[in-house]
Amino acid sequence: MSQLSPLERRSALTLALVISLRLFGLFLILPVFSVYARAMPDATPLLIGVALGVYGIGQMLLQVPLGMLSDRIGRKPAISLGLLVFAVGGAVAAMSHTLTGIIIGRALQGMGAVAGAGTALAADLTADANRSKVMGIIGVSIGLSFLLALILGPPLEAVAGLGGLFGLTSLLALGAMLLLWWLVPTPARAERPATGTVRDILAMLGDRSMLVLNGSVFFLHALLTACFVGLPLLLTDTFEVPVARHWTLYLPVMVIAALVMGAFMPRMRDAARSARMVVGCVVALGLALAGMALTTSHEWLLGSAVAVFFSAFNLLEAALPSLVSRLAPAHLRGAAMGAYSTSQFFGAFVGGALGGWALGALGLKGVFGAAAALTLFWLPLVLRNAALVGARSRATGNAASLD
C-alpha cells in the first residue's frame, strides 16, 4: 500500500468495496443453496447444480460485449447497466418457489456481466508496476466478502429464507451502483472511444498466453462451483455439522488462505516464476479435491484439504487477471477482461452442471472426484505454458513481467 499513489490507493480501496458488496450478495447463496434446494418440489441433483451455475451462461455471452461497450462509453455507465440487470434477476429469484424459477432469476443475474469492465476500470486507474498490488487488494476484499458470506449466509437464511437472500443480493447490487458513482474515481481515458477492430481483438485473444490464462480461469471457477455443489452437503450429511456451524470450518480456512496469498503474491511479479506458481496451484487444487473425496471422518483432515484448495484458489484469483490486464493493449483492455470473465463464468456453469450430474450419478464423493479429474486436463496446459515462458526468459536473458 505504501508504494501506491494516493489515486491508486483510493481506487483500490473504493473499487474493492464496490466489487465486494456485489459479490457478497452472490456468495451468500453458496453455503446454503444445495442443502435447502433439495426441499423444492422440482428438485433434482442436476437442477440444483444448474441453478447454482447457470448465471455463468449470461456472463459468458455478455462479458465481451459489455467490456467493449465500456471501452466506448466509459466503465461506470457500462457497469451500472450490468448492476441493474443483476438486481432484476435477484428479484425474480426471490419471488420464485421452484428451482425452475430460480434458474430463470439466476440466468438474469448472469446477464449483469460487469466483471470484465470492473477489472478494466481497476487497470485504468493503476500503473502497470502496481497493478498486481491493486488486484491483490481487490482479491483480498473478495476473499473477505466470501468469508463473511459463508458465516452470515446460514443465519440470514434462517431469518429471511432463501427468497430473502436473493432479495438481499438485489439490494446490495443497487448499493454497489451508488458507491461506484460516489466513491470510485473516474479515469480521464474512460470516455475515450474504442479504436480496436474485430481483427485486433481476435488477434489479441488468439495470443498463446491469453489462451492459457483464459483457459485457466475456466477450470478454476468450474472447480469452485462444483466444490460448492458438494461441500455444504458433505458437512451436513457426512460430518453432521449443522448449517449454522459451517462457519467454524470456513473462518480458519479463509484466514489461512489470506495469509498464504500475502506470502506468495510478491513472488509472482516475474513471468517465469508466475507460470511455475500456477502449475503448483493446479497440483494443489487437484490434491485438495481428492482429499475431500477421500475424507470421511476427522474434521481437521477435511479442513486441511479445504484450506489448501482456497489458498491455491485465492492465489490464482489475484494473479490471473493481473496478467491479463498487463498483456492487453490499453484500448482493448475492456474486451480482454470481458473475454477473461467470459471464460470464468462459463467455467462456473460447467462446474455447476458437472457437480449436479456427479451428485446424482456418482454420489457425494463423486462430486469431488469429478472436479479433481478436471485438473488432469488443466495441468498439461499450464505445464506447457510454463515451459514456453521459461524458454523465452532464458532466450532473452530477462525474466521480467509479461508487459
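**Entry 1: salt bridges**

I began with Arg75, which counts as buried at 4% relative accessibility (buried means under 20% relative accessible area, exposed over 50%, partly exposed in between, with a 1.4 Å probe and protein chains only). The model is predicted: local features need pLDDT of at least 70, side-chain atom pairs count only at pLDDT 80 or more, and totals for chains, interfaces and linings use all residues. Residues are numbered from 1 along each chain as its sequence is written, and side-chain values use heavy atoms, with hydrogens and water left out.

I looked up the partner of Arg75 and found a salt bridge with Asp124, the closest N and O atoms being 2.6 Å apart (a salt bridge is a side-chain nitrogen of Lys or Arg within 4 Å of a carboxyl oxygen of Asp or Glu). Asp124 lies in helix α7 (residues 115–124) and Arg75 in helix α5 (residues 75–94), so the pair ties together parts that are 49 residues apart in sequence. I took helices as DSSP runs (H or I, at least four residues), numbered from the N terminus. Asp124 is buried as well, with a relative accessible area of 8%.

A search of the whole structure gave me 2 salt bridges. Asp237 forms one with Arg38, with 3.1 Å between the closest N and O atoms. This pair links distant parts of the chain, 199 residues apart: Asp237 is in helix α10 (residues 208–238), and Arg38 is in the loop between α2 (30–36) and α3 (45–53). I noted Asp237 as partly exposed at 40% and Arg38 as partly exposed at 41%.

**Entry 2: aromatic pairs**

I counted 9 aromatic pairs (rings of Phe, Tyr and Trp, the last by its six-membered ring, with centres within 6.5 Å; planes under 30 degrees apart are stacked, over 60 edge-to-face, the rest tilted). The rings of Phe219 and Trp378 have centres 5.7 Å apart and planes at 10°, so I logged the pair as stacked. Phe219 sits in helix α10 and Trp378 in helix α15 (residues 364–396), 159 residues apart. Phe219 is buried at 13% relative accessibility, and Trp378 is buried at 0%.

Next I checked Phe309 and Phe310: their centres are 5.1 Å apart and their planes at 85°, so this pair is edge-to-face. Phe309 is buried, with a relative accessible area of 0%, and Phe310 is buried at 1%. I traced ring pairs that link Phe228, Tyr250, Phe309, Phe310 and Phe313 into a cluster.

Key
Helices (H or I, at least four residues) and strands (E, at least two) are DSSP runs, numbered from the N terminus.
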